[in-house]
Amino acid sequence: MALKVELQAFDGPLDLLLHLIEKNKVNIFDIPIVEITEQYLDYVRQMETEDLNVMSEFMVMAADLISIKCRMLLPPEVDEEGEEIDPRDDLVRQLLEYKVYKYMSFELREKMALAAKHYFKPNTTPASVLKYRPEVSPEELLADTTLAKLHDIFRAVMKRQTDKLDPVRSKFGDIKKEEVHLKDRIDYILAFTTEHESYSFKQLLTENDGTMSVIVTFLCILQMIRDGVLNVSQEEVDGDILLTRTPDADLSRVTFEDIDEPSDASDNDSDDGNGFE
């Protein structure tokens, strides 16, 4: 019994054939060419169109189907390797390609519908950025690069890193703690004052005295001035500090209890947080 086909719009003869195959639920690789051809011709007879181009496409396919039907009634043809040639092979290949493109179009149509629901932010890139072009492309810059040149570049970069070091701090080296004993320093100052009635502050210092020794010496002198043992004077700005022992000065009454042992301060100075020891 022939399948009743409702007249509907098809995109072409292959679309109609694919519709008939799906309606009959037949294997596309084993098409019952007799039944499909009869159903196809029934649809063509019912078509009413004045477009000869459309009708010609369907008529050409009808002629191909009749040709395939006739070839299948004849003895089978064989190829050079002795295998039978199925007259439906070309038709099956066309139907498979059409099916792929058809369902691909469905996917693209769905994606287009989804994209229509999205709003895309317009391009707001500044014109100055869009006009920017690199002066030299990386390909041109590295065109004649060799290992020797890369080695020279590396050495130049390392030299620049070395030049960035502080020329003063880089020569500090290790800062050693200066051992200053308060009692020894006091005895030295009292003995020097006993031997010299008048002297300058610089005379108390030696070439080997460091910063801590100068500070302790200065504190001792201030204590002696407060106790009235020494008088201080300075003839000009930035001049030498002159120290004079007062008449009948009793050095035994000088107390140095307010001066702390500088060992803790010396330890703190030995590491200033900059990595020096």
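This is a predicted model: local features need pLDDT of at least 70, side-chain atom pairs count only at pLDDT 80 or more; totals for chains, interfaces and linings use all residues.
## About the model

Local features here need pLDDT of at least 70, side-chain atom pairs count only at pLDDT 80 or more, and totals for chains, interfaces and linings use all residues. Residues are numbered from 1 along each chain as its sequence is written, and side-chain values use heavy atoms, leaving out hydrogens and water.

## Helices α1 and α2

Let's start with α1 (residues 13-24) and α2 (residues 33-46), whose axes come within 10 Å and cross at roughly 125°. On the α1 side, the contact (heavy atoms within 4.5 Å) is made by Pro13, Leu16, Leu17, Leu20, Ile21 and Asn24, and on the α2 side by Ile36, Gln39, Tyr40 and Tyr43.

## Two nonpolar cores

A nonpolar core joins buried Ala, Val, Leu, Ile, Met, Phe, Trp, Tyr and Cys residues through side-chain atoms within 4.5 Å, where buried means under 20% relative accessible area with a 1.4 Å probe, protein chains only. The largest such core has 24 residues, and Leu17, Tyr40, Leu91 and Leu95 have the most contacts inside it. Two or more residues each come from α1, α2, α3 (52-73) and α4 (89-115). Apart from this core lies another, of 20 residues, including Ile186 and Met224.

Leaving aside neighbours within four places in sequence, Leu17 touches Ile36, Tyr40, Met61, Leu65, Leu91 and Leu95.

## Helices α8 and α9

The axes of α8 (residues 182-195) and α9 (residues 211-226) come within 10 Å and cross at roughly 55°, so this pair is oblique too. Among the residues that meet here are Ile186 in α8 and Met224 in α9.

Technical notes. Axes are lines fitted to C-alpha atoms, for helices over the stretch in contact, and angles run from 0 to 180 degrees between N-to-C directions. Helices (H or I, at least four residues) and strands (E, at least two) are DSSP runs, numbered from the N terminus. Buried means under 20% relative accessible area, exposed over 50%, partly exposed in between (1.4 Å probe, protein chains only). Angles under 35 degrees count as roughly parallel, over 145 as roughly antiparallel, 65 to 115 as roughly perpendicular and the rest as oblique.
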